[in-house]
Amino acid sequence: MTILANSLIIFFIVVGVLFIVVTAIGLFRLPDFYTRAHAASKSATLGVMSVLIGVFLHFWLIEGHFNPRILLGILFIFITSPVGGHIMSRSSYIAGVKPWKGTVHDELKDEINRMKKEQNIK
């Protein structure tokens, strides 16, 4: 049982570290704010969640302590990190941060123009 528990813990922590490394590479290599925000919000969320799952399993299976606060932390990160990345990206777009010149399609432009027209009408 201990070998299986340790294998599971190591698996989650290694997967988490790999996602965090992908996040770091994405923050350095991606061309503009929006793609960097995507890397930071998505893969960092999965990385931190995987590490926290490994920590939770360690304390529960090895130490014998069930800690619901770690589960709440996982839930909090799962909810807030992608939402925060989305809000930062949208507010940056509205503030005028230009996308990378190689961007093929801008779906938000039409929506922002529609919202501006509705606000001017009312």
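A: Let's start with Glu118, which counts as partly exposed because its relative accessibility is 37%; buried means under 20% relative accessible area and exposed over 50%, with partly exposed in between (1.4 Å probe, protein chains only). Keep in mind that this is a predicted model, where local features need pLDDT of at least 70 and side-chain atom pairs count only at pLDDT 80 or more, while totals for chains, interfaces and linings use all residues. Residues are numbered from 1 along each chain as its sequence is written, and side-chain values use heavy atoms, with hydrogens and water left out.

Q: How many salt bridges does the structure hold?

A: A salt bridge is a side-chain nitrogen of Lys or Arg within 4 Å of a carboxyl oxygen of Asp or Glu. Here you get two.

Q: Which residue does Glu118 pair with?

A: Arg114, and their closest N and O atoms are 2.5 Å apart. Both sit in helix H4, four residues apart, about one turn of the helix. Helices here are DSSP runs (H or I, at least four residues), numbered from the N terminus.

Q: And where does Glu111 come in?

A: Its side chain meets that of Arg114 in a salt bridge, 2.4 Å from N to O. Arg114 and Glu111 are three residues apart in helix H4 (residues 107–121), so about one helical turn separates them.

Q: Are Arg114 and Glu111 buried, exposed or partly exposed?

A: Arg114 is partly exposed at 38% relative accessibility, and Glu111 is partly exposed at 30%. Put together, Glu111, Arg114 and Glu118 are linked in a salt-bridge network.

Key. Helices (H or I, at least four residues) and strands (E, at least two) are DSSP runs, numbered from the N terminus.
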